[in-house]
Amino acid sequence: MVTAGSSAAPPIEFEQVTKRFGKRTVLSDLSFSVPEGTVVGMLGPNGSGKSTAMRVLLGLYSATSGRARVLGKAKGDRGFADAVKRVGTIIEAPPLYKRLSPIDNLRIRVAATGYSADDAEVRGLLNRVGLAGRLDDPVGDFSLGMRQRVGIALALVGDPKIVVLDEPTNGLDPAGSVEIRNLIKELPGRGITTLVCTHRLTEIESTCDYAVLMQKGHLVAQGTLDEIRSRSTVGGHRIQVAPDSLERAVATLTGLGLGQVSVDDGDIVLARTVDDPAELTRALAQQGIYLRGLQNQHASLEEAFLEITGGDHAESEAGS
Amino acid sequence: MNAEFLKLRLLSLPRWTAVAVLAGVVVTGAMLDVFPRDDGAGFISVMSTVTSLLTEVAAIVLGSWAATLEFGSGTLQRTLTAQADRTRVLLAKLTVLVLAVAALALAAAAAAGGLVDVVTRQQGIDLDRGDLAQVLLANVPAAITVSVIAFGLGLLTRSIGGALTVTLTFVLVLPGILVLVPDVSRYVYATFEGDMTTRLAGDVAPGAEVHSLPVAVLGVLVWAVVLLVPGWLRFLRDDLK
């Protein structure tokens with residue numbers, strides 16, 4: 001379970017949630033929680049159950065079994081409706097009245113939730129997501145990326161404690177994606193807990209503290225990004241020695257029984273990660289071979305994801 | 001409820017529906033000025049029939065729209081995250097709908113009454129203004145009820161086209177067919193609604209078989225509840241996007 005130091009109920013918590021549509025199981029025994037003030041990424045290929053999990057969390061869908069809690073309240077609990085009001089959300093497409101302007105869309109949201117947000121605050125928020133100058137145009141005339149910005153403004157209006165964003169940079173150009181990612185990174189500073197659902201690995205790597213990996217309705221991995229990367233067998237070390245010592249160094253390292261040792265572009269490549277790299281320097285020094293360099297090799301999130309999911313598709317490039 | 005009022009004010013369909021009703025009333029008034037009737041009752045009858053039809057169709061449109069707006073525009077998610085208590089969502093929508101339809105029907109009745117008054121004065125025709133007001137206002141409850149029925153059928157069909165078709169068929173087409181089966185037609189919605197309006201208008205023809213006002217009102221309410229509840233329950237229970 002993804003956890004933090006706080007002992008209070010986590011803002012978002014899934015406890016053995018299963019969701020079936022007829023005979024089709026879309027979520028299977030999903031359990032994880034999101035610590036307060038963090039940005040957690042829910043990563044999985046299309047159809048992995050991310051959006052369904054969000055809908056169960058917000059009470060749009062009923063769980064077949066298990067409980068999904070937002071601010072400690074599950075659907076059916078007293079106070080659930082008030083808890084959900086504190087969540088700003090976009091699931092799949094931004095939900096907009098297309099004949100209305102961004103400002104009128106936000107006014108309706110403010111009225112529906114009962115938040116106190118005056119016109120200046122609403123305009124300020126729209127300016128912040130890059131919509132200055134288009135505040136009074138119908139959102140139906142906007143590009144997909146601009147609608148996405150209105151959707152994000154909708155999610156942030158009022159004083160949300162939690163923001164749930166499903167594919168937040170969908171349709172945005174690279175500059176727009178960076179702006180939105182920077183905005184997401186600011187949210188913990190405002191005390192907002194954020195869950196970003198995406199099939200884009202770059203999104204997770206650039207914005208999230210933790211990640212939850214889903215595949216076919218199952219949670220297949222969770223933890224900090226480093227923890228997830230460490231689950232990959234991709235790793236090892238690259239070692240540089242003097243060219244005249246290369247063959248002896250390879251022989252020495254092979255003799256240590258540390259797995260496959262190869263040479264790549266003049267570097268020695270050790271496939272397995274050694275717990276204590278000093279062990280390597282010591283062994284080589286005893287043979288009179290001194291290191292010119294040693295780098296630890298890490299799996300990228302993409303490599304870890306592909307390995308964990310058995311090659312199931314997730315996109316590594318924004319916009320691809 | 002404030003959000004529902006805002007939608008009503010900001011979105012275009014309610015505005016155009018109101019414009020269509022009032023334009024229809026004005027055109028009818030103009031036609032009565034050009035082609036006058038022989039007596040005051042004739043003016044009242046024409047204007048009442050037109051106003052009744054216009055407000056009923058408008059009520060069906062507004063009821064269907066109110067129930068299906070979020071399904072059609074993909075905004076259900078934001079509505080249900082702003083207010084996760086679905087009963088409250090429906091009550092807010094229904095309350096605003098009833099108030100809007102009542103306001104529109106009253107405005108149409110007021111405009112119709114004013115126009116008939118002006119036209120008959122111009123024509124030098126004596127008119128019982130009490131009768132005029134009673135007949136025109138008698139249409140208001142029927143408009144409200146039919147909007148509730150359209151709302152219920154909208155929740156059931158989740159499509160404005162579906163809701164319009166089913167409600168118009170039920171309210172306007174089916175009664176014309178069921179007239180062929182008198183024992184059945186006595187208990188259909190349109191009969192109760194017609195009898196309620198006739199009683200409220202004080203316009204019962206001698207010898208006509210008309211339900212008493214309490215029975216007619218009860219019949220209308222039972223039909224409204226029967227047609228509202230299935231869609232309401234579906235909305236409360238289903239998984240919704």
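The model is predicted; local features need pLDDT of at least 70, side-chain atom pairs count only at pLDDT 80 or more, and totals for chains, interfaces and linings use all residues. Residues are numbered from 1 along each chain as its sequence is written, while chains are lettered from A and ligands numbered from 1 in the order in which they are written.

**The sheet of chain A**

Begin by selecting the six strands of the open, mixed sheet in chain A, whose order is S6-S7-S8-S3-S9-S10. Strands (E, at least two residues) and helices (H or I, at least four residues) are DSSP runs numbered from the N terminus, and two strands pair if DSSP finds at least two bridges between them. Colour S6 (87–90) and S10 (218–224) of chain A next: they stand at the edges with a single partner strand each, so one side of each lacks a neighbour in the sheet. On average, neighbouring strands of this sheet are turned by 15° against each other, direction ignored; axes are lines fitted to C-alpha atoms, for helices over the stretch in contact, and angles run from 0 to 180 degrees between N-to-C directions.

Select S7 (residues 162–166) of chain A, which runs parallel to S6(A) and is joined to it by four bridges. Here A:Gly88 stands opposite A:Val163. Contact requires that the C-beta atoms of two residues, placed from the backbone, lie within 7 Å.

Move to S8 (residues 193–198) of chain A, where six of six residues are buried; a buried residue has 20 or more other C-beta atoms within 10 Å of its own, with C-beta atoms placed from the backbone. A:Thr193, A:Leu195 and A:Cys197 lie on one face of S8(A), and A:Thr194, A:Val196 and A:Thr198 on the other. Five bridges join S8(A) to the parallel S7(A), with A:Val163 opposite A:Thr194. Trace the chain from S7(A) through helix H6 (residues 174–186) of chain A to S8(A): this β-α-β crossover is right-handed.

**The contact between chains**

Finally, display the 22 residues of chain B that are in contact with 26 residues of chain A. Helices H1 (2–10) and H4 (76–82) of chain B each supply at least two residues of this side, and H4(B) gives the most, with six residues.

Conventions
Buried ≥ 20, exposed ≤ 12 C-beta atoms within 10 Å, placed from the backbone. Right-handed = clockwise from strand over helix to strand, strands pointing away.
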